[in-house]
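Subject: Structure handover

Hello,

Here is the structure we spoke about. My notes follow below it.

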Amino acid sequence: MVIWRIAWRNLWRNRRRTQLTMGAMIFACAMLVFSLGYYDGFLWSLINNATEKENGHIFLARPGYYANPVLEDTVSENISAQLPTAVKEQVKGVCPRLQAYALLSCGTGQENRTQPSQIVGVDFQAELANSKLAGDIVAGSFLSGQQREILLGQGLARKIKAELGSEIIFFSNAADGSIASEILLVKGIFSSGDNLRDSALAFMNIVDAQQLLALEGRVHSHRLFLHNPMQAREVAEQINDHQKAIEATPWQTMFPQIADILQIWFAIQLFTVAIYYAAMALITFNTMYMAFLERMQEFAVMQAIGLTRRRLARLILLESLILATVSGLIGMMLGASLNIVLFYYPIDLSRWLESISWGGSSIQPVLFCVPSLLSNLLPLLAMILLGFAVAALPIWRLYRLKPVEALREV
Amino acid sequence: MDTVLTKELSRIYQNGAAEVKAVDSVDLTIESGEFAVLAGPSGSGKSTLLNLIGGLDRPTAGTVHLSGELLNEKTDDELTRARLFKIGFIFQAYNLIPVLTAYENVQFILQIQGIPDSQHADRIMPLLQELGLDGLEHRRPSELSGGQQQRVAVARAIVGRPSIILADEPTANLDSESAVNLLNMMHRLNLEQKVTFLFSSHDQRVIDIAQRIISLRDGKICDDIRKN
């Protein structure tokens, strides 16, 4: 107990120095928690943008369709019966999709603009329940199940000079070899942040698409949305082991670059911690070592009157650990608070920055953080380790200290 | 009973190529209850001999027995424990722990000796009163005068009930009045409680009050006078 008392009071002997050191440590820890939360938010957004809008966490289709999509390679609209029971428990929702290539035209005569586009037929109710497609609407509204509705990507709408309510001529080949054509009405315009995608993509109601393409009751794929996206690979393996008539492709296969980042994510976090704390270690070490040098004679006196080196070492370690742990806890709370605020109230930076397409996803200009146990605890644990590390040299010096020599200087 | 017994005790320092015999073949016995002083000019070996007896330094040759135990063979930790239970130190510069109050500085010894907390006040408060420190127990060293600090140091040295108190120039930093007061207090403790004191000092006031004067010159005992 007396060691605790001395350690605590020693820390406040040079109040200004301790306050400055603690301030630097708290700031470093808070910024580190925030940085890791921001990285997690960045990764979360990357995965979500790639999966939750269009692709889902698992892509279910006939074997070979994912690698080489062919109009005629379809599966039943009702997929539920083909999924193993264990998989069903992990599935949050299913979105059927039908996709084809078509020419979309707007205007007449010399004003006519035509663009080859990818058309995706979607079940608007399933999308509203599971995906975030509807969140991308920037003009008009999402599909409502009415006949002949179409949603255009912002870039595509610009190219063919279509507006809300414009008539779009759809022209394609149906699965039975006939010509599919229809006049559709622009119900909404969307922007996903991926300009390339938005300039060649359109959505329509799946029932309309099935009729136009002569694929009634059939779809090309089902997108499974899972409760835990990180389980996609395992769930896909279970489906593939159970059912040979369909092929499950997890998002990690669809977006290998994002999956690769996940593989090295923990190493990136540790590396970030190391960079932050390398500078912090020097500051803390300076405080601890100066405090030790100033008190060499005091330590010699304590040894002379009967305090063993082990207890003195405990005193030095305690001072260092109190400094590190208190700073770490305060820093963690500040950083975590910032992360929580930015999780619920992300800051939109689109006035200054543009979104970037990368790895099949998009990076949005949003300051968004995800608070996680790891991003909170890692900096705290590292700070405590730092406490042990900076106490090491003073303790080593203590074990070499000869009381009689230090006392002679008194 | 012998509290301290040294035989052929020597401490030689290397000063470059030259050897300096700080203590040279000293045979000395200090008996329980003595009030003795190691006297002599600067560099005569007083402090070195005190450090050897206190187990702070190791002899080059010879032996030191403290209350019958041979100190030479003890490890550093064993010496530290021996100092904790058998020796009380009083230093020239007081050397109190600055972050502890007067009471806590004295209590520190009892705490590291493992004496139960319930006994601390009963042992510390009478001692502080005896040394004229009542009312000052909650002050930190920086709030005490030099004389008061040295009296706290005396209380700290005595509270653990050691076999001997080793005091290295205890009056050197004190004004005349404080020095006399301190010496009288220590003398009274010696007379009333039979506490054994061994000083190193060239202060005439210490030499005057001591019962035994051991004079050192060039590391050797040149005179050993017991007063009646």
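Where the two chains meet, 18 residues of chain B are in contact with 16 residues of chain A; contact means that the C-beta atoms, placed from the backbone, lie within 7 Å. On the side of chain B that touches chain A, α2 (76–86) and α3 (102–113) each supply at least two residues. That side divides into 11 nonpolar, four polar and three charged residues (nonpolar: Ala, Val, Leu, Ile, Met, Phe, Trp, Tyr, Cys and Pro; charged: Asp, Glu, Lys and Arg; polar: the others, Gly among them).

This is a predicted model, in which local features need pLDDT of at least 70 and side-chain atom pairs count only at pLDDT 80 or more, while totals for chains, interfaces and linings use all residues. Residues are numbered from 1 along each chain as its sequence is written, and chains are lettered from A and ligands numbered from 1 in the order in which they are written.

Chain B has an open, antiparallel sheet of four strands in the order β2-β1-β4-β5 (strands are DSSP E runs of at least two residues, helices H or I runs of at least four, both numbered from the N terminus; two strands pair if DSSP finds at least two bridges between them). Its edge strands, pairing on one side only, are β2 (18–31) and β5 (69–70) of chain B. Between β1 (residues 2–15) and β2 of chain B there are 10 bridges, and L9(B) stands opposite V26(B) in β2(B).

Chain A contains 15 helices and 16 strands. The C-alpha trace of chain A spans about 105 × 50 × 25 Å along its principal axes.

Regards
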